Amino acid sequence: MALLQLICTHKPSINPSTSLPSLYPKSTESILLCHSRQSQRRRRRHSNSLRCSASSFSEKHHTNHPKPSDVVELPLFPLPLVLFPGAILPLQIFEFRYRIMMHTLLHTDLRFGVIYSDAASGTAEVGCVGEIVKHERLVDDRFFLICKGQERFRVTNLVRTKPYLVAEVAWLEDRPSGDEDVEALATEVETYMKDVIRLSNRLNGKPEKEAQDLRRNLFPTPFSFFVGSTFEGAPREQQALLELEDTAARLKREKETLRNTLNYLTAASAVKDVFPSS
């Protein structure tokens, strides 16, 4: 689910001074992201049970949940997108060095680090573990993967750059939100999401159906990750949300973004009512 026309007022907290930017592939031709409708239709039989929805998110994202103090080595996959804990990510891998990485992962623990990277901002220091939950090795040695976001991490040290990036990472968890009522914040965010979806449908000529339960009994923290995952088309804002270590702060930021988006959609809807043919 993507929320369209997001109006973001924050600047992302991506650190452009990290040592990683010069190491990630300069051309996005080396990575084929399976986000097009055509690709999704071709692979629907593999991913129907793994849709990126609120039901994909859980309070614990891995059976062996690491401690925040743990430091481990993790292969990194820089991508022009942000993966959130609990989200589903389809990928098709065909560049040689990442095929090598996949061969290694399929014989180990199936986990690698997805980290946001673009030519303008460089590579972020905070990313999310992607665990391979389904894979298919194609005849030409390409790989089609279905990955699920697990723990967040911060890069602490670059171990090697060839044939692919490997770094030491420290795990991140949200700190307690103090006296903030995160349940109330989550409810407010859900209400704004429903209104945004309703008005988006109206502007796109779709039925204005009331959105169903978006939280699906999620606790506030995984729900905040789910909300961030719907902000497709605004990866820097998503990265800023991923980096926050406070659930209340993340929900407040999402509420502000959704409120701004709702104001924009309300104005656009009013214009459409006055000028129906525009």
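Me: How is the handedness of a helix pair read here, taking H4 and H5 as the case?

Reply: H4 passes H5 in a left-handed crossing. This is a predicted model, and the description below is computed from it.

Me: What angle do the axes of H4 and H5 make?

Reply: The two axes come within 10 Å and cross at roughly 25°. Angles under 35 degrees count as roughly parallel, and H4 and H5 are therefore roughly parallel to each other.

Me: Which residues make the contact between H4 and H5?

Reply: The general idea first: an α-helix has 3.6 residues a turn, so residues three or four places apart point the same way. In this case H4 contributes Val182, Glu183, Ala186, Val189, Glu190 and Met193. H5 contributes Pro220, Phe223, Phe226 and Val227. By type, the residues of this contact are eight nonpolar, no polar and two charged.

Me: How do the axes of H6 and H7 lie?

Reply: Helix H6 (residues 235–243) and helix H7 (residues 247–274) have axes that come within 9 Å and cross at roughly 155°. That makes H6 roughly antiparallel to H7. H6 passes H7 in a left-handed crossing.

Me: Which residues form the contact of H6 with H7, and how do they divide by type?

Reply: On H6 they are Glu237, Ala240, Leu241 and Leu242, and on H7 they are Arg250, Arg253, Glu254 and Thr257. The division is three nonpolar, one polar and four charged.

Me: What does the UniProt record say about residues 234–268?

Reply: An unreviewed UniProt entry annotates residues 234–268 as "coiled-coil region". Such annotations may be inferred rather than shown by experiment. In the model, the chain over residues 234–268 is 89% helix and 0% strand, with its end C-alpha atoms 20 Å apart.

Me: Which residues of H3 are buried, and what do they pack against?

Reply: Buried means under 20% relative accessible area. In helix H3 (residues 96–105), Arg97, Tyr98, Arg99, Met101, Met102 and Leu105 are buried. These buried residues pack against strands S2 (71–79), S3 (88–93), S4 (111–118), S6 (126–137) and S7 (143–160).

Me: Where is Leu110, and what does it contact beyond its sequence neighbours?

Reply: Leu110 is found in the loop between H3 and S4. At 26% relative accessibility, Leu110 counts as partly exposed. Leaving aside neighbours within four places in sequence, Leu110 is in contact with Leu105, Gly130, Glu131 and Ile132. Leu110 and Val133 are 23 residues apart in sequence, and their C-alpha atoms are 8.0 Å apart.

Me: What is the phi of Asp141, and what is the phi of Arg216?

Reply: Asp141 has a positive phi of about 75° although it is not a glycine. Asp141 is found in the loop between S6 and S7. Arg216, also not a glycine, has a positive phi of about 50°. Arg216 is found in the loop between helix H4 (182–203) and helix H5 (220–229). At 45% relative accessibility, Arg216 counts as partly exposed.

Me: How many helices and strands does the chain have, and what share of residues is buried?

Reply: The chain has seven helices and eight strands. Buried residues make up 50% of its 278 residues. Among contacts between residues at least 6 apart in sequence, 75% join residues at least 24 apart.

How values were computed
Residues numbered from 1 in each chain as written. Predicted model: local features only at pLDDT ≥ 70, side-chain atom pairs only at ≥ 80, totals over all residues. Heavy atoms only, no water. Axes fitted to C-alpha atoms, helices over the stretch in contact; angles between N-to-C directions. Helix = DSSP H or I, 4+ residues; strand = E, 2+ residues; numbered from the N terminus. Parallel < 35°, antiparallel > 145°, perpendicular 65-115°, else oblique. Left-handed = near helix turned anticlockwise from the far one by under 90°. Contact = heavy atoms within 4.5 Å. Nonpolar A, V, L, I, M, F, W, Y, C, P; charged D, E, K, R; others polar. Buried < 20%, exposed > 50% of the residue type's maximum accessible area, 1.4 Å probe, protein only.
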